[in-house]
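Here is a short tour of one protein chain, written to be read with the model open beside it. Please have a look at the fold, and then follow along.

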Amino acid sequence: MPPTITAFENPPDRGAGLARDMRVRWALEEVGQPYAVRLVSFTEMKEPAHLGRHPFGQIPTYEEGDLALFETGSIILHLARHHAGLLPGDANARARAITWIFAALNTVEPPILDRETTRLLEGDRSWAAERLHLTEDRIRIRLGQLSAHLRDAEWLDGAFSAGDLVMVSVLLRLRHSSPILDDFANLAAYVARGEARPAYQRAFAAQLAVFAARVPK
Ligand SMILES: N[C@@H](CCC(=O)N[C@@H](CSCc1ccc([N+](=O)[O-])cc1)C(=O)NCC(=O)O)C(=O)O
């Protein structure tokens, strides 16, 4: 029985790969693990059956035998620890790769999500324009620091790892709604390398197929 993940029955991003099941799909493809998908509606996500998998009523979740996980970063780390392909063998390099997962989620993604929140949910507030500029300034600081770290390397720390998978996913979220990434040529190229990976392509096609197959209600 393959592991089962949950994803939007009707993806609000219209299959753009922004919903976080995309990150888990990518990780599963990188480690070569088949998986099943349970599509859930917004209503179902708030019902007891799903809340038992995800206390916050969100997607993705990951079920494997009697294990049920939520939090995209945790699911990816679980896959990386139990299958080859997302973490190096060397113990110190492994620890550094895991550090980059946390850096992506805890240091680089927050200002990007702040900007999304203001852009999508607070646009009618009197302070929205000022707050948008503030979030963009904070994003640029982080991208400048990340760009300085990466320089002309292919990946963040040696071979491609789960840290790169999460970092590329975070930067793709920004690129979808802002030209800021283009101001950092090495980061734009880094993201393009991630997208060019066959595992990414398979994951993207799979999540896009859900949108393409949906039956408009
Ligand atoms: N910290 C959790 C956050 C999970 C999360 O944000 N899930 C979102 C979907 S991915 C985030 C997302 C949503 C929509 C778009 N979009 O472009 O439309 C992009 C990304 C969700 O279930 N939202 C419904 C809810 O909270 O009730 C994790 O990383 O797994």
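In which helix is the place of Ala162? Ala162 belongs to helix H7; helices here are DSSP runs of H or I with at least four residues, strands are runs of E with at least two, and both are numbered from the N terminus. Before going further, please note that this is a predicted model, in which local features need pLDDT of at least 70 and side-chain atom pairs count only at pLDDT 80 or more, while totals for chains, interfaces and linings use all residues. Residues are numbered from 1 along each chain as its sequence is written, and side-chain values use heavy atoms, with hydrogens and water left out.

**Overall build**

The protein chain holds 9 helices and 4 strands. Read from the N terminus, their order is β-α-β-α-α-β-β-α-α-α-α-α-α. A compact globule of 217 residues would have a radius of gyration near 17 Å, and the protein chain agrees because its value is 17 Å; the radius is taken over C-alpha atoms, and the globule rule is 2.2 Å times the number of residues to the power 0.38. The C-alpha trace spans about 50 × 45 × 30 Å along its principal axes.

Of the 217 residues, 47% are buried, where buried means under 20% relative accessible area, exposed over 50% and partly exposed in between, with a 1.4 Å probe and protein chains only. Contact means heavy atoms within 4.5 Å. Among contacts between residues at least 6 apart in sequence, 67% join residues at least 24 apart.

| Residue | Place | Relative accessible area |

Not counting residues up to four places away in sequence, Ala162 touches Ile76, Ala80, Leu86 and Ile101. Ala84, with neighbours within four places left aside, is in contact with Glu30 and Val31. From C-alpha to C-alpha, Ala162 lies 13 Å from Ala199, and the two are 37 residues apart in sequence. Ala84 and Ile180 are 96 residues apart along the chain, with 34 Å between their C-alpha atoms.

**Helix H1**

Helix H1 (residues 21-30) is largely enclosed by the rest of the structure, because 10 of its 10 residues are buried. Among them are Asp21, Arg23, Trp26 and Glu30. Just after H1, Gly32 adopts a positive phi of about 70 degrees.

**An aromatic cluster**

The whole structure contains 7 aromatic pairs. Rings of Phe, Tyr and Trp (its six-membered ring) pair if their centres lie within 6.5 Å; planes under 30 degrees apart count as stacked, over 60 as edge-to-face and the rest as tilted. Trp155 and Phe160 are edge-to-face, because their ring centres are 4.9 Å apart and their planes stand at 75 degrees. Trp155 counts as buried at 6% relative accessibility, and Phe160 is buried at 9%.

Trp155 also forms an edge-to-face pair with Tyr190, at 5.8 Å centre to centre and 65 degrees between the planes. Why does this pair tie together parts that are 35 residues apart in sequence? Trp155 lies in the loop between helix H6 (128-150) and helix H7 (162-177), whereas Tyr190 is in helix H8 (residues 185-196). Both Trp155 and Tyr190 are buried. Ring pairs link Trp26, Trp155, Phe160, Tyr190, Tyr200 and Phe204 into a cluster.
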